[in-house]
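Please keep the sequence and the coordinates at hand while reading.

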Amino acid sequence: MDFTQAPVHTLGRSLKQRYGRRLRRVMLDLGLTCPNRDGESGYGGCIYCDLSGSGTGAAKRSESLEQQWQDGLQRARKVNPEGQAAIIYFQSYSNTYPDLTPLADALEHMKAWAEVAPILTIGTRPDCFSEEAADLLASQADIFDEVWVEFGLETASDEVQKIIGRHDTLANFHSACERAGERGLHRIAHCIAGLPGEKEDGLLRQVEEVAKAKCEGIKFHQLMVLHKTKLAKMWFDGNVELLNAEQYITMIADALEITPPQTIVHRLVAEAPEDSYLAPKPWPGRQKVHSEIEKELLRRGSHQGARLL
């Protein structure tokens, strides 16, 4: 990555280098669940996760996989009318839990889509990524150009994991990343800034652990309050403090300076549908926050990985 041209190694820039264009994610929902929702490790899910499992909710609306794909592809075609256009992204809940049958069936169905969507991405929890799950994803390497697995790290503190109702561990994250890496899967870590109970350097510690795990990609996400979540009640009761945009921009710039330069930044900020979003407000649009993070790095005369040199 040539940081004289831009201070962050973003996914969009990486895709343009490798495919000559940006590819748009088509989010698919298998209607699954998580072990901290069904009682295996807890009930009700993480405090910030809504009823759609941080996804589209398409399965609850009885939308078939084919319908979800066609609707998403239609949007992707607005950017790329011909040729490769999309990234297949199984986002909602944990897509390797409670068993692999729904995912395996879906993967069989989507072989026909690989020409248009050269990249396959599966989101899951580290504690739901078995040897069998890793083998299943690795088997897709003969069909798709790239296979990515996205692990929710969220925090590097096992104590904070308990506070947010996640009930996973840092050790599980490293084991899952090792399992995926052994099979040549591209690993993406999902990190949240501003969780309750997190120490001031919590996000920096997450980035350090992502680097130790040799993840090829990272996503940054501000803590957001959504309707129909446990966090919403905590926020209404005045029991949680949220980052404002200025604090978040500074925090992400700090984190990027210790993010390895070869790591692809898949996301710098998150967004949610207006009808489900409660706080923090006011909050700038995604492109504005993205721009301000890069401006902050340029103001410092810095770039991704600068503090590692």
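Helices (H or I, at least four residues) and strands (E, at least two) are taken here as DSSP runs, numbered from the N terminus. The model is a predicted one, in which local features need pLDDT of at least 70 and side-chain atom pairs count only at pLDDT 80 or more, while totals for chains, interfaces and linings use all residues. Residues are numbered from 1 along each chain as its sequence is written, and side-chain values use heavy atoms, with hydrogens and water left out.

Glu296 counts as buried because its relative accessibility is 14%. When residues up to four places away in sequence are not counted, Glu296 touches Ile249 and Ala253; contact here means heavy atoms within 4.5 Å.

The side chain of Glu296 also makes a polar contact, at 2.7 Å, with the side chain of Arg299. A polar contact is a pair of N or O atoms within 3.5 Å; within protein, one must be able to donate a hydrogen and the other to accept it, and residues adjacent in sequence count only if both atoms are side-chain atoms.

Individual pairs can be examined in turn. Glu131 and Arg183 form a salt bridge whose closest N and O atoms are 2.5 Å apart. Glu131 lies in helix α4 (residues 131–138) and Arg183 in the loop between α6 (170–182) and β5 (186–193), so this pair ties together parts that are 52 residues apart in sequence. Glu131 is partly exposed at 36% relative accessibility, and Arg183 is partly exposed at 24%.

Another salt bridge joins the side chains of Arg187 and Glu216, at 2.9 Å from N to O. Because Arg187 lies in strand β5 and Glu216 in the loop between α7 (202–212) and β6 (217–222), the pair ties together parts that are 29 residues apart in sequence. Arg187 is buried, with a relative accessible area of 9%, whereas Glu216 is partly exposed at 27%.

Technical notes:
Buried < 20%, exposed > 50% of the residue type's maximum accessible area, 1.4 Å probe, protein only. Salt bridge = Lys/Arg side-chain N within 4 Å of Asp/Glu carboxyl O.
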